[in-house]
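Subject: Structure handover

Hi,

Here is the structure I promised to pass on. My notes follow below it.

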Amino acid sequence: MNARTPPAGPMPAEWAGISGSRELIDRARDGIMLFDADGRIEVANPALERMTGHPAGELAGRMVSSLFEAPADGADGPSPESRAIAQSCRAMLRCFGGDLLEVTLEPIRLRADDGRELGGCYVFAHGRADTAVRDFAVMVSGRLADSRRQSEAAQDSPEESGDAELRRLQTFKLEQAAILERIAIDAPLPEILEAVIRMLESYAPRYLCSILLLDDSETQLRLAAAPSLPPAYTAVLNGLRIGPYAGSCGASAYMGRHVVAPDIANDPLWHDLHELREPALAHGLRACWSMPIFSAAGTILGTFAIYARSPSEPEASELALQHSCCHIASVAIERKRALQALKENEARFREQASLLDNTRDAIFTRTLDGIILFWNKGAERMFGWTREEAVGASARDLLHEDDDPVSFANNAQRIVALGECIFERDMRDKFGGRFTVEYRMMLIRNEDGSPKLVLATLSDITERKKAEAAVHQLAFYDQLTQLPNRRLLYERLLHASAVNGRVGRSGALLLIDLDNFKTINDTLGHDKGDALLQQAAARLSRCMRGSDTVARFGGDEFVVVLEELAGGAPAAAARAEMLARRLCEALAEPFDLNGYEHLCSGSIGITLFNGTEKTADMLLKEADLAMYRAKAEGRNCIRFFDPKMQKALNRRLELEADLRFAAARNELLLHYQPQVDHEGRVTGAEALLRWQHPKKGTISPEIFIPLAEETGLMVPIGQWVLGSACSALAAWRADPRLQALTLAVNVSIYEFRRHDFVEHLLHLLARSGADPRRLKIEITETVLAKNMEDTVEKMSALKRHGVSFSLDDFGTGYSSLSYLKQLPLDQVKIDRSFVRDVLADQNDASITRTVIALGNTLGLEVIAEGVETLEQQAFLWGHGCYAYQGYLYSRPVPEPAFRELAGKRFPRPLAEPDGEN
Ligand SMILES: Nc1nc2c(ncn2[C@@H]2O[C@H](COP(=O)(O)OP(=O)(O)OP(=O)(O)O)[C@@H](O)[C@H]2O)c(=O)[nH]1
């Protein structure tokens, strides 16, 4: 009791036996008053005083009616409708200052059998009255009424009857306490319910009781306890269907209220229930009062019935007892069911935990601070820590999260922000073993949404990672050297270009080709070749920074990609060259090929890049071009790709493409340059090839002839030239000015080397109708360099048909006299380079003289080309050269112009100029 709250007046004598009653009244939340038969307040509890504002102790002694605004039934306020317990009703309470307060009133009025008022108890509440308080008030009021009745009946010996009642009550209380204890120790429910019944039956031996429980379908009642009822009756009672006319219990459970059948034999509720009524009556059960057992939530759990052997209705005290028993039964049933639910939950949890234990994955939960709360068997297997060791420990220590604190801090933030996260991580177990996991974290929240804990699921993906790595290794690495292969190189190159472009830096691509590597394979064997490639790869790798790539491009070629070289292009070039030198030096160290010492070198081509303008293929082509230059310039050296080189290359490629179709498109044509004798007469012409390009105009033979030679186009072009020359010669036969002229045609070594060259030429001559004696084939010294026999044979064969031969560019090569003697030549031609400076350069003059002398000695005609001045002509004439060709007479001209020239007479040579060299 509150120290400031004074006791609510003295307790009437009858109340003294009900232990704890005063305290319950004083502590009740609801207002309680007890009044005597005159309607005078005996006790008013502190709650009532607080409600009404009346000073403490002031209510005791006042009339109940003074507290009500409008008493409904005359003197003492609302009149109860039943004999003892009326329905609750609304009432207006008069407060201390005169204010009115509307309350719910639970009236418990007590009357004697003759209808006399015995006083009673009122419970006031703002809402519904507390059922415990109400039950208590009912019980206390019942006891009070009984006690008053008995004291009236036994006026003579009040002490005696008071003592007996006190003992019965004490026994009842003790039994109640014992039952509560059994509930607390979780004794079986049937046992407890039986004890409740026995408690009432021993207090009131004239009664027999039963407890029935509503089944799950909520349509039938099942027998829970009825120790004193005849088994033949309980057998029929068990399974009783509830309903408005289903006997006292069936109706009580159906309607949810106290149902009294004062005489079973005549009661309408029992009327149609023969199967139950007959055995009841047969066993002497005449009255049945059934009360619903409510749960705390207000649902019906079952019924508690009291049977009497004679027709009767319950006294208020009996009702109070029944209430009390219902209450205890309700506590027992609810507790049992709660325990059952708890056990089922636990079993379910254990089952789920065992399922979690059966998975291969490690599953654990941790607080947000990282304290481990749950740790499954998978986690034990994965980490080596037992559940006992792990639960309560810090995940940070157990899982070595400090190895990577930043990442764990990030993940902790992510999980709170996003609710879950997945990542891969290398982990360590208790014994230091390492493995890789896929780590999934999920945030578990409280009902209000606040973070509660983290559920972690870890799958060991070490094997999968290894398999992936092996596949990756096969796909992206060279198996011999373990260097990145061509595929990975392309990726890195792409990445490097993109990065460099973004940051505005240059990168470099180096192509390294080992020099004469083939020889090692050929001389020492493939295994030594392999060993050299492996060692070379290792050396190249050692020279690299981590960010650079060295890849095996194929065969004995390696590619190095340098990313983000500092400074502009010149600095980048210098840096690339420095590294290339280092690479050369590294390769220059002797290699030990399983006991064989081998010296090796490499040729390196370098190109620079910036951004993604050039594709990987373009860069590789550039580096390749530069590398070939390095090879061409003696190997074991470094060359940069020069953009000019590329431009020339591109032009060449274009030209080559055009040249391929030039003949078919009629872009090729022959010009004719007259050849003149010392009398000034035209004796013939040299046919010179011209290419009239539709866009680029006339293209010089000095440009396109070497191109045709390099690209293999010389043969078809040469065939066109020969065919056209033959056609021209055939046409000349009809022109008296031309019919006696010879036509000189240049034949390249490529054509001449063809096995069917002779047949082909004869075929052209025959087909065109040209006179073979008018055709002069000009060959160069290179033709003579190889396979002399074949050359002589072909020349001789043609000569037999009248074709003559001139040796072009004589003196520029290495042809020896012995060659000249063997060849069936008709003419030698002095190269224009000697003629040009013949008057100014001693050497040229003496070579020219020698060639003329030689030709004359061998009986060969000598012709000089490039004759531009009369002085040159005079010199040549003076030294025995009687045939000339050059601008002095005419440039090469189209055929119509040549026809004109053919009849012309050019000036004869002058006398040899003075001061001959
Ligand atoms: N042992 C070995 N040889 C290879 C391998 N792959 C390619 N080769 C050979 O490597 C040689 C490459 O020769 P090239 O680079 O063309 O010629 P080289 O002899 O190095 O001559 P240069 O490059 O002009 O100095 C070829 O003979 C290939 O057969 C390999 O994996 N192992």
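In the ligand site, a side-chain N or O atom of Lys631 sits 2.8 Å from a ligand oxygen. A polar contact here is a pair of N or O atoms within 3.5 Å; within protein, one must be able to donate a hydrogen and the other to accept it, and residues adjacent in sequence count only if both atoms are side-chain atoms. Arg635 puts a polar side-chain atom 2.6 Å from an oxygen of the ligand. Phe517 uses its backbone: a polar atom there is 2.9 Å from a ligand oxygen. On its own the ligand has 670 Å² of accessible area, and the protein covers 68% of that (Shrake-Rupley method, 1.4 Å probe; for residues, only the protein chains shown count as cover).

Before you go further: this is a predicted model, where local features need pLDDT of at least 70, side-chain atom pairs count only at pLDDT 80 or more, and totals for chains, interfaces and linings use all residues. Residues are numbered from 1 along each chain as its sequence is written, and side-chain values use heavy atoms, with hydrogens and water left out.

Back to the ligand. There are 16 residues around it, and Lys518, Asn521, Asp530, Asp556 and Arg635 come nearest (near means a heavy atom within 4 Å of the molecule or strand). By class, this shell has 8 charged, 5 polar and 3 nonpolar residues. Ala, Val, Leu, Ile, Met, Phe, Trp, Tyr, Cys and Pro count as nonpolar; Asp, Glu, Lys and Arg as charged; the others, Gly among them, as polar. H18 gives the most to the shell, with 4 residues. Helices (H or I, at least four residues) and strands (E, at least two) are DSSP runs, numbered from the N terminus.

Next, the second largest pocket. Its space is about 1100 Å³. Of its 39 lining residues, Glu686, Leu688, Pro701, Asn746 and Arg832 are the closest to the centre. The lining has 15 nonpolar, 11 polar and 13 charged residues. A pocket is an open set of points on a 1 Å grid over the protein atoms alone, where a 1.4 Å probe fits, with protein on both sides within 12 Å along at least five of seven lines; lining residues have an atom within 4 Å of a point. The volume is the space filled by probe spheres set on the points, which are joined across faces, edges and corners.

Last, a sheet. It is open, with 6 antiparallel strands in the order S8-S7-S6-S11-S10-S9. Strands pair if DSSP finds at least two bridges between them. S8 and S9 (259–261) are at the edges with a single partner strand each, so one side of each has no neighbour in the sheet. S6 (residues 207–214) and S7 (residues 220–225) share 4 bridges, and Leu212 stands opposite Leu223. Their hairpin has 5 residues between the strands, and Glu218 takes a positive phi near 60 degrees there. S7 meets S8 (residues 240–241) over 2 bridges, with Leu221 opposite Leu240.

Best wishes
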